[in-house]
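The sequence and structure come first.

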Amino acid sequence: MLEKLLPAASTYAKDIDGLFDLITYLVGFWFILAMGVFFYLVFRYRRKPSEKAQYITGETHKQKLAIEVPHYLILLCDIAILVLTFIVWHHVKIEKPPAEDEVRIVGQQWAWTFYHSGADGLLGTDDDIAKVNELHVKKDTVYHYKLESRDVMHSFSVPVFRLKQDTIPGRIIEGWFEPNKTGEWDIQCAEMCGVAHGIMAARIFIETEEEHAAWIAANSPNSADTSMIAKNETVLETQAQEDRSNG
Amino acid sequence: MAHQIIATSRSATGIPTGRLAVWWVVASEIFIFGGLIAAYLLNRFLHGSWAQEAAVTNTFIGGINTFWLLTSSWFVVIAHHYSEQRDAKKTRQFLWLTILLGGFFMGFKFVEYYKEISHGMTLFTNNFWSFYYTATGLHGFHVLCGMVIMAIIAEGDIKNERNWHRVENIGIYWHFVDIVWIFLFPLLYIAK
Amino acid sequence: MAEVATADVSHDDHHHEHEQTFWSKYVFSTDHKIIGFQYLFTGIAMAIIGGYFAYVFRMQLAFPGSSVPFFGIVSPSAYNSLVTNHGTIMIFWVAMPVLIAAMGNFLIPLMIGCDDMVFPRVNRLSYQIFLLSAIVLIASFFVPGGGFGGAWTAYPPLSALAKYNATPFGAPMWLIAVALEIVAFLLGGINFITTAMNARAKGMRMYDIPIVVWMIVIASMLFMASVGPLVAGAVMLLFDQTLGTTFFDASAGGDPVLWQHLFWFFGHPEVYVVLLPAMGIVAEVMCTFARKKLFGYKLILYATVGLGILSFFVWAHHQFISGVDPRAAYLFTTTTLLISIPVAIMLFAYIATLYGGSIQFTTAMLFALSFLAEFLIGGVTGIWLGSSGTDIYLHDTYFVLAHFHYTFFPIAIIGTFTAIYYWYPKMFGRMMNETWGKIHFWGTIIAFNGIFLPLFFLGAAGQHRRIYNYQNFPDLAGDNMQDLRVFATISLVIMLLFQIPFVINFIVSLKRGKKAGKNPWKANTLEWVAPSPPPHGNFPDGMPEVYRGPYEFAHPDREDDYWPQNEPGNQKPANK
């Protein structure tokens, strides 16, 4: 259902969409049933001069069944939803498949910086590529991300991945995703982070293996563009340190 | 108001209205201090280093202060006992003794604060000390409020031999303040 | 039930003893009804401010960058401040004062058959603190830097440090205002609970208490138990803001997530704190206009208590993706889905009450029925969010926003209108105009759905909250999505315009309305025994005694289709 509104571009997006559909069917059934009964009763028992209201306490066992039976049925539906929720949650947020590449994501007021691992697929090496508000990933590759914040809470949200994770200053939060569809989409900040929260937008570029290799080659650390980024980085870094020492 | 409110004199539960209200005040305070203590404990478990900070707090002054508060609670019980016998003189006497011990508590507290601040342990030293001052400060504020209310009851009500039930009500509050200290003392002073 | 030895002497002359000035009668009164009106009118005034804020930021979303009539250009910081304070006002200064304080003050003494609250001066103090809190909040919009804009949840470090939130005065003032408001409601809550426990009329047993009184009392208890930790947290956050402590500053060893726990430990029960009084109001109105006994009074009561207890174990479902241990989601998803059971029981019992009734479609009844229908939408959409799996995607989107507006709008707005249309004759002694009431009803309900139904789709398409201009997000800037935003905004403007007939009806009926007798709706509860409007002291003909439960409509042993609680009769009801 969700895919009609927004494409799904990660492996676990279809799991989350499936859970969404299951809930829609179960809840939709109960919702329509309850609304149907409700409107029927409102119509059927509208005031008529010939009919006096009935005296029903709702305290006898037989009358209570009218509530008890549906509430056990709802409990059953709850359990069905719970089981699938646990499976999906475990898959997305707890169990991580082995990494094939890594990316470090740093949020600050009001930009995202993405540290791509570069040609060697390892972070913290000389060939890392830092990009502001641009995340380039390769299709069909398991990425592990490390999420950090320089100042306040942010939230790294990629709607096409159905992924969202808050950042917490002082902590590194890890997770994973595997893109399975090429294209270019929004990354939003989903946690109020100050004045310009509304323009803390980034883009994700999901590329084929060849495109990605070409992008890495074009953005190797010694090119002018990235050295400027790196310079920006050091400025931001020192500023963050100053802020901390002032605070 | 000009007339007596009927509502105030009713007692459908059998518990006098004033006492019932004090119990609800105590209940809401339990949640406030409970939240503070829970927040402290959470931090304490996260930061092993706080044990060393707790070692710096003056267990001796804390212990003496525990003694003052416990004794004062005993006095307020005696005051309640005399108030039930409608003995205004003795009730006032023991209320003032309670206030005096509360004053001792506050006096020692200020000496303690003075010593700590002069040794450089202020509200801003680190989060342990922030918690220390916030928790003991909030508690001290409650002690101070209790002393003021008790003085008003002793001089305004008991002296004029009326509103005897207020002695019991302030007693309940005073015991509560005491019990909060029984929680704070081991957490901030003893557990190292 | 023991009555302390006071004869309920008739004292119908006490309010003639001295002439009261305007100030002592309406401003510094200790009369519970006047204090209730003070809360009601302050709440309505704040609702107008909150509604105006909603109008401004919805206009910005529909027509980004253009000048909003009656406001001007909306800057990003103004936008944040508007959404933050819209939320804060609607919860703390509209839902709470109107549903709990105004209705609690007006209804509890009347419904349990006594002359006032047990502590009238504490009651007055509670309102004065509340008024002060409202003044502090409004003042915070005009200080340098503007009003606080860090969302009503006020997550630190954003809310803690001025260098992050850029509102050096707005943020602490916002927090002080919220803290004062909490103090006011703690005082009021103690008064409500003690009054309902101790000051009941002779003969009123536990299960003879009208359900709305139960609901307000249980809500006050929930509030008391949940808000304590937030008070402690507010003190800590205020110290962080103003003194420079580091309770929530991660770089100095503090823990910013601690605030989220303290806030949501309060924040989730708070939903039920405002829900319960509204459910109670709806129950009263439904029983009266369906001429039916409430279906399963005790069942509803026990479900409410269960709901209250469960509500303390669900708070972390607001934090599934906030970086707390992901394994906690198993526990909190389970409790969250379980809480659907007591809510479902209550709603089913309400719907079952309609069975076999004789339903009169007065304006109050229409609002009460629409409460059930709209709240049902709000309730069921919570399942998508309570399930941690789908919450990964839906968290902080417009889906959440639409969901909680489908709960809070029925509670705070529909619940309030239900109460006003129903108790207006008792409050002011005159009837409101039904035709204008129905115009107001249909305009409000249809426009309300027009605002929030499109927002479910926007949220499911990945649109996040608190973003002042979607043109910066290429995926969200498309024409069809913008059309939905415009549709929602136009619906909002229509809904606001439909409040004008209500205001006129309210004011005109004060003078021109048909005189209401003591009991225009032929209802059973004790407030309808008092004259309309009740004088100071409420029951000039002597304090009522209670002989039966509150909902004995259409009883087979009786000719009339209603049986007031205070009417002596040889038959004791089954409801004991």
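The contact between chain A and chain C takes 79 residues from chain A and 89 residues from chain C; two residues are in contact if their C-beta atoms, placed from the backbone, lie within 7 Å. On the side of chain A that touches chain C, the elements giving two or more residues are those in the table. Helices (H or I, at least four residues) and strands (E, at least two) are DSSP runs, numbered from the N terminus.

| Element of chain A | Residues |
|---|---|
| helix H1 | 13-44 |
| helix H2 | 61-94 |
| strand E6 | 154-158 |
| strand E7 | 163-167 |
| strand E9 | 183-189 |
| helix H4 | 224-246 |

H2(A) gives the most to this side, with 17 residues. By class, the side of chain A that touches chain C has 47 nonpolar, 15 polar and 17 charged residues. Ala, Val, Leu, Ile, Met, Phe, Trp, Tyr, Cys and Pro count as nonpolar, Asp, Glu, Lys and Arg as charged, and the others, Gly among them, as polar.

The model is predicted: local features need pLDDT of at least 70 and side-chain atom pairs count only at pLDDT 80 or more, while totals for chains, interfaces and linings use all residues. Residues are numbered from 1 along each chain as its sequence is written, and chains are lettered from A and ligands numbered from 1 in the order in which they are written.

Of the 2 pairs of chains in contact, chains A and C share the most contacts. No contact joins chain A and chain B, whose closest C-alpha atoms lie 12 Å apart.

Chain A is divided into domain 1 (2-94) and domain 2 (101-246), with bounds from an automatic or database domain assignment. Between them, 10 residues of domain 1 are in contact with 14 residues of domain 2. The domain 1 side of this contact has 7 nonpolar, 2 polar and 1 charged residues.

The largest nonpolar core has 330 residues, and Ala95(C), Ile112(C) and Ala412(C) are among those with the most contacts inside it. Domain 1 and domain 2 of chain A both give residues to this core, so it lies between them. Such a core is a set of buried Ala, Val, Leu, Ile, Met, Phe, Trp, Tyr and Cys residues joined through C-beta atoms within 7 Å. A residue is buried if 20 or more other C-beta atoms lie within 10 Å of its own, exposed if 12 or fewer, and partly exposed in between, with C-beta atoms placed from the backbone.

Trp112(A), in strand E2 (residues 111-116) of chain A, counts as buried because it has 23 C-beta neighbours inside 10 Å.
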